[in-house]
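Q: I'm new to this one. Could you show me how to read it, feature by feature?

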There are 2 protein chains.
Amino acid sequence: MILNRALAGQLDREDPLKDFGQKIFSEDKPMVYLDGNSLGKLPVATIRQQEELLHHKWGTRLIRSWNEGWYEMPISLGAKLAPLIGAGEAEVVYSDSTSMNLYKLAFSALQHQKGRKKIVSDTLNFPTDLYVLQGLINSMGNQHELVLARSEDGMTVSTQELERVIDDDTALVLLSHVVFKSGFLYDMEKVSALAHRKGALVLWDLSHSAGAVPVELNRCGADLAAGCSYKYLNGGPGAPAFLFVTEKLQEKLESPVWAWYGDSDPFAFNLKYSPAKGMKKFLVGTPPMLSLSAIEPALDLILEAGMDRLREKSLKQTQFLIDCAQEYLLPLGFSIGTPVKPEMRGSHVSLRHKEAYRICKALIDPDDGSIPVIPDFREPDNIRIGITPLYTSFTDVFEAIERLLSITKGRIYERYSAEKAAVT
Amino acid sequence: MILNRALAGQLDREDPLKDFGQKIFSEDKPMVYLDGNSLGKLPVATIRQQEELLHHKWGTRLIRSWNEGWYEMPISLGAKLAPLIGAGEAEVVYSDSTSMNLYKLAFSALQHQKGRKKIVSDTLNFPTDLYVLQGLINSMGNQHELVLARSEDGMTVSTQELERVIDDDTALVLLSHVVFKSGFLYDMEKVSALAHRKGALVLWDLSHSAGAVPVELNRCGADLAAGCSYKYLNGGPGAPAFLFVTEKLQEKLESPVWAWYGDSDPFAFNLKYSPAKGMKKFLVGTPPMLSLSAIEPALDLILEAGMDRLREKSLKQTQFLIDCAQEYLLPLGFSIGTPVKPEMRGSHVSLRHKEAYRICKALIDPDDGSIPVIPDFREPDNIRIGITPLYTSFTDVFEAIERLLSITKGRIYERYSAEKAAVT
């Protein structure tokens, strides 16, 4: 099979999800967007929903809207997300940011696991996960130790390494289900079982896996999870995050943040806090409704497409990307920073190159009239290509490969400054 | 002077802020909205701003928008709010919810005040403020005691009572600058000085005062503050909250929540947290941009109107309301649940009546073709009338008085169920 634009076009025509592209807002100027793993695109339905939210719900119904769906939305949206992450409807709520939810859940877990002094994560984890743990250790009086499982290949963490670091003193294991740089996908079932054998609880960060790969929290025996909705779930920039606590742990855990949205009877305005039953006690303040509401039409799209079909297309596309990279880019100093085994990767692929930053700039801001191709850069040398099967086409992927080829082969990147922008 | 509709009309014609009403979205059906102290109305400019945000910033620029204003917005919006609350530009940031900010600030203060075991608040405070403190005490090992200053009249807290409860063992005093039920306005300068004489820090909840009364944090010697933007600031339902730390305390305080947005170099993706200088270290996760951005045009409106003019109109309107209530409503079993002295009240007035809940329902859902009048109910017997001078007219106030009169005199409220809605 020849890896070319014609093949990409054929794969697009055969794509059972091809009509979903029309349900996504299309910018005026052509662009190849491969950063849905960082900020998902805008669903057309969200535009209509936000108009109605502004004019009718906020503008006209005003305070009455709290009695007409807003108040319950952290819970109703959690129930809507639940099947996408293999959770029960009463096990998921929307609240705060991912970092804040990791904080609440990790604190709860450490309190529950009193006596155990070790927390395990890995060197590939997104820094905020580690920072939250470091902050907790500091504010709890430095009685715990954070131990990071190491990666031998810079992409994956082996089961043996996890077996080495998780022991009988381990209170909590916090890992990203899909690793943010390499796209490595942990075997959630295997790791959860490994932790449970030692009596540790596992907290999964689903930021790079919700909406990207099938997640089966309950089948895999996950205890706790949190994640964002602004990547593959297309919930909008900085969309509120979700958190999950497996049913059997809900009554045993206590949030460190007691606040009115988590009270059992908030409109009684009692002076003494009384936590609500179930997941509601993990809610904190009044949720940001413009952002929270935007998640709903986005989840509807993912539910309509179906996680199985999305995963099938994602794997085909990441494979196509890897095949093309192997064929065209490896000779130019690129290496593939993502596991090539399908069951070991999420929905983005890192291509590594020593000039990655400048190549990225050249892709994003072409100075020769080319179509902008938008991946993102991650230190030190990763170009992350995010595949969002809901709207990414095979032609998009091939376009990126061609641009990478011409920018690198023609040393076009040399025209770009190596000085980093505030946000990379 | 005869308190009637003609007088209200005259006062409206003389109102120097009368043109601001046109800058607020107007629903199709007539309505008298007196709940801006709970959810402020929608500025017209916000509609345009949200359209641009959706189509251009999210829809078209996508991830690039983080480099085009989004990333800095928690800080730039804080600087914009600062003059409205008497703070320096580098003393305020936007982040999370009010409850979450109270948690971060109270935790920081208690850590800084190690050895002191008492926390002071009052029985009139909004419950979430007390819940946050109760949760902190619990999670910090029950070494602190929460002592609540009592109210003799159910409306105000006396200086003598504060002097009684604040002592040399007091670490922190947390009070609402304007009390949520009675509208009582604390003398921030006097209370801050009182606390400082005992070595206590003061944390002010500005939720009912920002945008409602002139707030002068620095002039009054405030240490810490937090508040919401969805009431008098019109930032939208559940709009993100702000927090303030006086400059000289910033380096001494440490947030309990360490996360990537508060790191000194977040895009280096270092494995070890290194807090940013100044207020940035109090930021946590990626902010919800649809909600956060909506605050900007709303603040612009308040800045344009000016806090002095807003306060002047607010005091005239609350006085008009109190005068009308005294004339027409006291004979019908109402009492005034708000201090009548101007310097002791914020911008809402509570009218108390034993049938308050049903009277409120009759105002909101008229069954006789009257215009809906929307205040809110607060347990056990308060009808809160929110004056938002940016868009409330004297005629609105008089309309509410007339409706209260006819509903109560005609016992129309008896047609309404006493069963409470989920959100009151």
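Q: How many residues does the contact take from chain A and from chain B?
A: Bear in mind that this is a predicted model. The contact takes 84 residues from chain A and 84 residues from chain B. In chain A, those that lose the most area to chain B are A:W58, A:Y131 and A:F269, together 11% of what that side buries.

Q: Which elements give two or more residues to the side of chain A that touches chain B?
A: Look at α2 (44-61), α4 (98-112), α5 (127-139) and α9 (289-293) of chain A. The largest share, 10 residues, is from α5(A). Sorted by kind, the residues on that side come out as 48 nonpolar, 26 polar and 10 charged.

Q: How much area do chain A and chain B bury between them, and how many salt bridges does the rule find across the interface?
A: They bury about 7,400 Å², with 69% of it on carbon and sulfur atoms. Salt bridges number zero by the rule, while 24 residue pairs turn up in polar contact.

Q: Is B:P375 buried or exposed?
A: Buried means under 20% relative accessible area. B:P375 has 2% relative accessibility, so it counts as buried. You'll find B:P375 in the loop between β11 (373-374) and β12 (376-378) of chain B. Leaving aside neighbours within four places in sequence, its contacts include B:L34, B:C360 and B:I385.

Technical notes. Residues are numbered from 1 along each chain as its sequence is written. Chains are lettered from A and ligands numbered from 1 in the order in which they are written. This is a predicted model: local features need pLDDT of at least 70, side-chain atom pairs count only at pLDDT 80 or more; totals for chains, interfaces and linings use all residues. Side-chain values use heavy atoms; hydrogens and water are left out. Helices (H or I, at least four residues) and strands (E, at least two) are DSSP runs, numbered from the N terminus. Buried means under 20% relative accessible area, exposed over 50%, partly exposed in between (1.4 Å probe, protein chains only). Contact means heavy atoms within 4.5 Å. Buried area is the accessible area (1.4 Å probe) that two parts lose on being put together, summed over both. A salt bridge is a side-chain nitrogen of Lys or Arg within 4 Å of a carboxyl oxygen of Asp or Glu. A polar contact is a pair of N or O atoms within 3.5 Å; within protein, one must be able to donate a hydrogen and the other to accept it, and residues adjacent in sequence count only if both atoms are side-chain atoms. Ala, Val, Leu, Ile, Met, Phe, Trp, Tyr, Cys and Pro count as nonpolar, Asp, Glu, Lys and Arg as charged, and the others, Gly among them, as polar.
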